[in-house]
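I opened this entry to record what I looked up.

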Amino acid sequence: MSKVTCIWDAKALLGEGVIWHPDENAVYWLDIVKSVLYRLDESGNKSQWQLHDNPSAIVPCRQGGLLATNRHGVCHIDTVRGAVSKRIGLESELASNRFNDGTSDALGQFWFASMDDSETAKTGAFYRLTTAGMVECVDVFGNACITNGPAISTCGSWIFFTDTLEKKIFRAPLNKDGSPGKPMLFIDFAPYSGYPDGMCTDSQGGLWVCHFGGGRITRFNESGASDTTLMVPVPNVTKCTFGGDNMQTLYITTAAKALSDIERERYPLSGGLFSVDVPFSGRPAYHVNDPSS
């Protein structure tokens, strides 16, 4: 494996949401705290948009642009004009909540979750936006203070999700209609450094989990045993995704959030976008429909 390298020293406070866009051969990612959307194409060209309302998860939209979550629910991002349009408002009764991580599946469903922005109350919940354009709360996944994941196995049979503060990663079977079955504990993360954050899957059944506060990414095989560790030269590793020409480049977001001034001096690349080539392959993000279409 090659060395983990910073490819964009963006100094994001909370880098997150990284995806590989299959139509554009480009990486998109976010700084949730600063509400900035970043794009890096395969030629190294960089673009960024100043948005608002803490966008947190993004997936490619069939009608163009990106479908996203932000503080208030689901929105659409026009990447030509840099405009954000509200689509579905959620959790207006939970003033301290915001939305966090998300992903899409092969059916075109958008899976996403909320969290308590003060990181104290178990008010976070998981949702899915179905192909019919309906949002359903995934009650079977329960509630958590900080939700993370979710990630879909490349075979489409499993969805993984995380209760970050409890250091537990779960998986649930996916039915043919896209509905989830009963979740079960997959990985007890207590023995590992830091907290389980964002994750992605590879074509060999592996689950790659970022360690917030642990400075690394761990790959777990289909039985839940760890078999690969990637050290990242910053403490807070937040999310990863596969991309590149052969889908064997791992792109990694990181965060400067929660670091002291001394730690930021020690780890100056915190908040950067990193990449590394690995002997595993994944797949690009699935497209979803704009629910307004």
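This is a predicted model: local features need pLDDT of at least 70, side-chain atom pairs count only at pLDDT 80 or more; totals for chains, interfaces and linings use all residues.

**Notebook: sheet, chain, one serine**

I began with an open sheet, in which four strands follow the order E2-E3-E4-E5 with antiparallel pairing. I noted strand E2 (15-21) and strand E5 (46-50) as its edges, since each pairs on one side only. On average, neighbouring strands of this sheet are turned by 15° against each other, direction ignored.

Next I looked up the whole chain. I found one helix and 24 strands in it. Its radius of gyration is 17 Å, which agrees with a compact globule of 293 residues, because such a globule would have a value near 19 Å. The C-alpha atoms fill a box of roughly 45 × 45 × 40 Å along the principal axes. I noted that 58% of the 293 residues count as buried. The chain exposes about 11700 Å², and carbon and sulfur atoms supply 48% of that area.

Last, I picked Ser 114, which lies in strand E11 (residues 110-116). Is Ser 114 buried or exposed? I put it down as buried, because its relative accessible area is 0% and the cut-off for buried is under 20%. Its side chain makes a polar contact with the side chain of Glu 91 at 2.8 Å. Leaving out residues up to four places away in sequence, I listed what Ser 114 touches, including Asn 97, Phe 99, Tyr 127 and Thr 147.

Terms used. Residues are numbered from 1 along each chain as its sequence is written. Side-chain values use heavy atoms; hydrogens and water are left out. Helices (H or I, at least four residues) and strands (E, at least two) are DSSP runs, numbered from the N terminus. Buried means under 20% relative accessible area, exposed over 50%, partly exposed in between (1.4 Å probe, protein chains only). A polar contact is a pair of N or O atoms within 3.5 Å; within protein, one must be able to donate a hydrogen and the other to accept it, and residues adjacent in sequence count only if both atoms are side-chain atoms. Contact means heavy atoms within 4.5 Å. Two strands pair if DSSP finds at least two bridges between them. Axes are lines fitted to C-alpha atoms, for helices over the stretch in contact, and angles run from 0 to 180 degrees between N-to-C directions. The radius of gyration is taken over C-alpha atoms; the globule rule is 2.2 Å times the number of residues to the power 0.38. Accessible areas come from the Shrake-Rupley method with a 1.4 Å probe; for residues, only the protein chains shown count as cover.
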